[in-house]
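Reader: Hi! Could you walk me through this one while I have it open?

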Amino acid sequence: VQLQASGGGLVQAGGSLRLSCTTSGPTYGRFSDYAMGWFRQAPGKEREIVAGLSWSGVNNYYTDSAKGRFTISRDNEKNLMTLEMHMLQPEDTAVYFCAAVKSLSRILFTTAAGYDYWGKGTQVTVSS
């Protein structure tokens, strides 16, 4: 599965961005066979999960800093996953990656090790 993240950019604190993740190239099965996640990595820090979403879109996970500000969603017919980010803060500055793992479980992986496929990432910079 080849993933492509887009939608990053420079925004002032308090602003919003919408990240998208699409698939390209051959896929092993359907997009809906995969649980998805958004991760971010700031300079000098480890990659951390921001949000995760089950194959159906019913079960989701948010890291504490994302709760109430970010919304993860997917459209399986369009092979599309999005992350709506609001009230952005400078500490949200990072490269954001989308990731996928073939899973029909309601239980979501919350670490990078749980995902098999990764996009190249999109830079999000929040100025104070």
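Reader: What share of the residues in the chain is buried?
Author: Buried residues make up 44% of the 128 in the chain. Buried means under 20% relative accessible area, exposed means over 50%, and partly exposed is in between, with a 1.4 Å probe and protein chains only. Do keep in mind that this is a predicted model, where local features need pLDDT of at least 70, side-chain atom pairs count only at pLDDT 80 or more, and totals for chains, interfaces and linings use all residues. Residues are numbered from 1 along each chain as its sequence is written, and side-chain values use heavy atoms, leaving out hydrogens and water.

Reader: Thanks! How many helices and strands does the chain have?
Author: There are 0 helices and 11 strands. Both are DSSP runs numbered from the N terminus: helices are H or I with at least four residues, strands are E with at least two.

Reader: And which residues touch the most other members of the largest nonpolar core?
Author: Those are Trp38, Leu83, Met85 and Tyr96, in a core of 29 residues. Such a core is a set of buried Ala, Val, Leu, Ile, Met, Phe, Trp, Tyr and Cys residues joined through side-chain atoms within 4.5 Å. Strand 9 gives the largest share of this core, 4 residues.

Reader: What does Leu83 touch?
Author: Leaving out residues up to four places away in sequence, its partners include Leu17, Leu19, Trp38, Val50, Phe70, Ile72 and Tyr96. A contact here is heavy atoms within 4.5 Å. Another core, of 6 residues, lies apart from the largest one, and Ala35, Phe39, Ile49 and Val101 are among its members.

Reader: Switching to Gln41: which strand does Gln41 lie in?
Author: Gln41 lies in strand 4.

Reader: Is Gln41 buried or partly exposed?
Author: Gln41 is partly exposed, because its relative accessible area is 28%.

Reader: What does Gln41 touch?
Author: Not counting residues up to four places away in sequence, Gln41 touches Glu46, Arg47, Ala94, Val95 and Phe97. Gln41 and Ala94 are 53 residues apart along the chain, yet their C-alpha atoms are separated by 5.2 Å.

Reader: Nice. What about contacts across the whole chain, how many link residues 24 or more positions apart?
Author: Such pairs account for 60% of the contacts with a separation of 6 or more.

Reader: Last one: what is the radius of gyration of the chain?
Author: The chain has 14 Å, which agrees with the value near 14 Å for a compact globule of 128 residues. The radius is taken over C-alpha atoms, and the globule rule is 2.2 Å times the number of residues to the power 0.38.
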